[in-house]
Amino acid sequence: TANGTRPGSEKALSQVTVAQALNIKFTAATGRPLSEDNLRFLAEKAFRAQHTDYNSLSLSWSQFCKEPLPERNFTFWEWFYAVMKLTREHLKGPWMDGLIMGFVRKRQAEEMLSSCASGTFLLRFSDSEPGGVTIAWVGGESSEVFMLQPFTSKDFTIRSLADRISDLPHLVNLYPDICKVTAFSKYYTPFTENQPTSNNGYVKPLLVTHIPGMGGQPGSNINSYPNTPQTMFQPQSPDTASVMSDPVSYHSVLEL
């Protein structure tokens, strides 16, 4: 139907109301409000389609938190909640500084980066991994755009986003042309060559993010260190159980 809901479906709320509620919740959790572009991205995802005027539509409870997104096994609300939780717990500083674009489609990211200098990158929330953030960057002689497997909360408890960006020498400038050191250095974990032993007498190993075949030797760009070891670079799957555990009521979720 014209309002975006199915005939005979349950009561729906206007997209304006939904957008306001999501914005209030995201701002309270992360410290920075959603932009108009962010809200349009979310509307497109929730309605599973592109429209010229989302504000004239209504979103049903099923669309919001019952029906899985196309080709996914999670709902719109589960995806949004996971992104909000990840940002609140691990990305709050960079998000508040405007360093994380976040709400951008894969194809749009590719188009944005394709005309940029080699080494330019941006950060976007994964469409396929709830609570995942991926690094997209342009590199190589053919200006190919690459997407790194998404990082999740489990990865950031091992090593922060800023430290991982510091580890990767082929990441040079944050889109459009901000030196990554200028953007992220205040979030780097300080590194000293002679690390003291821990209370149990063990010396902590230095582990860094490295992408095989992308150039640069592991540890060649070290200026920070992790708190806990990681056997190899392999982002983990999101802990969907913790993300999806809260019972969802459409009106309680959107209650202002």
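This is a predicted model: local features need pLDDT of at least 70, side-chain atom pairs count only at pLDDT 80 or more; totals for chains, interfaces and linings use all residues.
1. **Ground rules.** Residues are numbered from 1 along each chain as its sequence is written, and side-chain values use heavy atoms, with hydrogens and water left out.

2. **Overall make-up.** The chain has eleven helices and seven strands. Both are DSSP runs numbered from the N terminus: helices are H or I with at least four residues, strands are E with at least two. Of the 256 residues, 45% are buried; buried is under 20% relative accessible area, exposed is over 50%, and partly exposed is in between, with a 1.4 Å probe and protein chains only. The chain exposes about 13000 Å², with carbon and sulfur atoms supplying 50% of that (Shrake-Rupley method, 1.4 Å probe; for residues, only the protein chains shown count as cover). Take the contacts between residues at least 6 apart in sequence: 61% of them join residues at least 24 apart, where contact means heavy atoms within 4.5 Å.

3. **The sheet.** Five strands make an open sheet in the order β5-β4-β3-β6-β7, and the pairing is mixed. Two strands count as paired if DSSP finds at least two bridges between them. At the edges sit β5 (144-147) and β7 (178-179), each pairing on one side only. Helix α6 (residues 106-114) packs on this sheet and touches β3 (120-125), β4 and β5, its direction making about 165 degrees with that of β3. That angle is between N-to-C directions on a 0 to 180 degrees scale, with axes as lines fitted to C-alpha atoms, for helices over the stretch in contact.

4. **Around β4 and β5.** Strand β4 (residues 133-139) pairs with β5 in the antiparallel sense over four bridges. Gly139 stands opposite Glu144, and Trp137 has Phe146 as its bridge partner. The two strands form a hairpin with four residues between them, and Gly140 in the turn has a positive phi of about 85 degrees.

5. **Around β3.** How many of the residues of β3 are buried? Six of its six. Thr120, Leu122 and Arg124 point one way, while Phe121, Leu123 and Phe125 point the other way. With β4, the pairing of β3 is antiparallel over five bridges, and there Arg124 stands opposite Thr134. With β6 (residues 173-174), β3 pairs in the parallel sense over two bridges; Phe121 has Leu174 as its partner there.

6. **The cores.** A nonpolar core here is a set of buried Ala, Val, Leu, Ile, Met, Phe, Trp, Tyr and Cys residues joined through side-chain atoms within 4.5 Å. The largest has 52 residues, and Leu42, Trp79, Phe80, Phe103, Ile135 and Phe184 touch the most other members. Elements giving two or more residues to this core include α1 (15-30), α2 (36-47), α4 (76-90), β3 and β4. The largest share, eight residues, comes from α4. Leaving aside neighbours within four places in sequence, Phe80 is in contact with Leu22, Phe26, Leu34 and Leu42. Apart from this core lies another, of nine residues, including Val104, Met112, Cys116 and Val145.

7. **Helix α2.** Nine of the twelve residues of α2 are buried, among them Asn38, Glu44 and Lys45 as well as Leu39, Phe41 and Leu42. The cover over those buried residues includes α1, β2 (58-60), α3, α4 and α5 (92-96). As a length check, twelve residues at 1.5 Å a residue should span 16 Å, and the end C-alpha atoms of α2 are 16 Å apart, which agrees; the expected span is 1.5 Å times one less than the number of residues.

8. **Met96.** Not counting residues up to four places away in sequence, Met96 touches Thr30, Gly31 and Arg32. Met96 and Thr30 are 66 residues apart along the chain, yet their C-alpha atoms are separated by 7.3 Å.
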